[in-house]
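Me: I would like to work through this model slowly, with each term defined as it comes up. Shall we begin with the structure itself?

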Amino acid sequence: MAPTKKRNVSSAKTNQESVKKAKIDVNSKVDSVLESKKHANDVFDILEVLESEKEKDVISAVNACSKLFCTLLERKELFMGKLPGEEEALSGGFSAEDKYRIFMRHRYNSCVEMLLEHLSHELHGVKESALCCLMKFAAGEGQHPLEDLDWSEHYSFPRELILAVVERLLSKTTDNSLLISRFQEFLEMEDVRYYVMSSVRENVGKVMDKNKGAVVPIYQSNVFTLMSNISVPSKESELTNFMVKQEAKHEDWKAAKLIEHKRVFERMWLGFLKYKLPSNMYKKVLVILHDSILPHMSKPTLMIDFLTAAYEVGGAISLLALNGLFVLIHQHNLDYPDFYKKLYNLLEPSVFHVKYRARFFHLANIFLSSSHLPVYLVAAFAKRLARLALTAPSTALLIVLPFIYNLIRRHPSCRILIHKPSTEDEPLEDPYLMDEEDPVECRALESSLWEIKTLQKHHHPDVAKAAMMINKPLPEQEEDISEVLEITTFELMERDLKPSQMKSIPLEFETATQLLRGGGDVLGQHFCLD
C-alpha cells in the first residue's frame, strides 16, 4: 500500500507543477508578446491554453487574454475599421505595422468567440471568468473603438459585443440564473443597461418568432431573470455611472437620457409579455409588477393585454391580474368596465379552500371599498357570497359574514336584502340567478339574504353567533376582517377545546374576614339572640 500512496502523492505534485508551469508559461508569453512584435506568434499558445479541459488552466488563460488584448486596445495596436482577411493582408499593399494590427485583430476576434463559447461551459468558474473578461473588452472597445463611427447616433459603444453576450446569457437549454446574477453588477452602469435592454428586446423577438410563439421554459426563465434585475433610475440626475464616457455631445446620447431608458424598458417588457409564458411565470411577473415594472413605464396602461391574458390562466394568477388592473384603473385612469364582472366570476366554492384565500378576501375588500359602487353590484356580491356560505367551512364563514356586513354598512340601500317585505302571494322561489356570470343580470336586489338566517342554526357556535347579528340593526362601525383572514381549522379547534378559565364567583359585596375567628364573640352574639 505504501508505494501506491507514494505514487499518488508524486502524481499530484506533478499535476500541481504542470498547472503552475502552464500559468507561468501563459503569463511569460503575454509579456513577450507585449515586449516585442517578433513574438506575436506566441499568442497562438495562449489561445491554445484557453481551450484546455482543466479549469485552472482555462481561467489563467482568460486572465492572460484580458491583460494582453486590453493592453493592445490601449496602445491602438488592433486594426481599426473594416477588417481585411488575413490572406488579403499578406498580398495587399499594407505596411508591416498594419499587417501586425490586422493579425492581432484576427486573434482578438478569435479570443472573443472562444470566450463567448465559454459562457456555456459546464463549470461556473470558467463562465464567470469569461464574462468578466468580455465586459473588460467591452469597456476597452468603448474607450478605443475598433469601428469607424461615421454616424453620430451610435456613438462609440460596443453594441455588437454586448448583444453577443446577452445572446449567450439567454440560453435555451441551460439555466443561467447564477451567471446572470453575476452580470447584475454591470447593469448598474447606465449605458450597459440601456444597450442590454435593447439587446434583450431584439433577442426575444427573434427567438420567440422562430419558435412561433410557443413556450420555451428555460429560455423565458433566463430572460425573466435578466429583466427582473434591471431597474431604471427615477431622476435624470441619477444617470451618472457610465462605462463609456462620450467626449463629444454626451448630452445628446440616447443612453444618457432618462426618457429613452424608460422607452426601451417599456418596449423590452411589452415585447416579452406579448408571448405566452410558462404558467408559473405569470405569478412571478405579477408579484413584481407594481414596484418594479409599472413605475418605470411611460404608458403603464399598455399592460392591459398581458393582464387580461393572465386573468384567463385562473386561480391565484387571475386574482393577481385583477390587482394589476385595479392599480391601472385607480392610478393611471384605465377604463376597464369588465373589472367587477371578472371579480364576480372568481367567486366560486373553491375560493374557500385554496391557499390564497386570505389574499383573495384582502384584495376583494379593497376592490369593493368604494362607496360609489352601484347598489345592484354590491348586492350581487353580497348575495353570491351568502349563497356560497351555505357550503363553506367554518373558518371561511368567520370571514364571509363580516365581509357581507361591511358591504351592507358601506351601502345602506342594500339593507333591503335583510329587511325585505313579503306578501302572502309572493312565490317561495329565490329569483337570484346563481349561474348568471353578469352581476347586472343576476337579480340579486329582488332576493334576500335568507342564507344568513339559515346559518343561525350552524353547528359551530361562533358562526351561529355571527349570523345572529342580522336580527338587529348593524352597528355603523365596520368590522376588521384582517384578524380572521389567516385563521385555520386547527386554530379554531384549539380555541374551542381550550378550557375556559373559571373566574371567582362573588358571594358577598365585602369578603368575610372575621368569620369563625374569636369564636366567643361571634358565636356568643348568635346564642344571645336566641
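**Exposure, pairing and packing**

Me: At what relative accessibility does Asp45 count as partly exposed?
Reply: This is a predicted model, in which local features need pLDDT of at least 70 and side-chain atom pairs count only at pLDDT 80 or more, while totals for chains, interfaces and linings use all residues. Residues are numbered from 1 along each chain as its sequence is written, and side-chain values use heavy atoms, with hydrogens and water left out. Buried means under 20% relative accessible area and exposed over 50%, with partly exposed in between (1.4 Å probe, protein chains only). Asp45 therefore counts as partly exposed, at 29%.

Me: How many residues apart in sequence are the parts that the pair of Lys29 and Asp45 ties together?
Reply: Helices here are DSSP runs (H or I, at least four residues), numbered from the N terminus, and a salt bridge is a side-chain nitrogen of Lys or Arg within 4 Å of a carboxyl oxygen of Asp or Glu. Lys29 and Asp45 form such a bridge, their closest N and O atoms being 3.2 Å apart. Because Lys29 lies in helix α1 (residues 2-35) and Asp45 in helix α2 (residues 43-49), the separation of the parts tied together is 16 residues.

Me: Where does Asp430, the partner of Arg387, lie?
Reply: Asp430 forms a salt bridge with Arg387, with 2.8 Å between the closest N and O atoms. The pair ties together parts that are 43 residues apart in sequence, because Arg387 lies in helix α17 (residues 375-389) and Asp430 in the loop between α18 and α19.

Me: Is α3 roughly parallel, roughly antiparallel, roughly perpendicular or oblique to α5?
Reply: Helix α3 (residues 55-74) packs with helix α5 (residues 96-118) at an angle of about 140°, the axes being 11 Å apart. Angles under 35 degrees count as roughly parallel, over 145 as roughly antiparallel, 65 to 115 as roughly perpendicular and the rest as oblique. The angle between α3 and α5 therefore makes the arrangement oblique.

Me: Which residue of the nonpolar patch formed with Tyr376, Val440 and Leu445 remains to be named?
Reply: Patches are made of residues with over 30% relative accessible area and no salt bridge, like charges being joined within 9 Å and nonpolar side chains (Val, Leu, Ile, Met, Phe, Trp, Tyr) within 5 Å. The patch has about 310 Å² of accessible area together, by the Shrake-Rupley method with a 1.4 Å probe.

How values were computed
Axes are lines fitted to C-alpha atoms, for helices over the stretch in contact, and angles run from 0 to 180 degrees between N-to-C directions. Helices (H or I, at least four residues) and strands (E, at least two) are DSSP runs, numbered from the N terminus.
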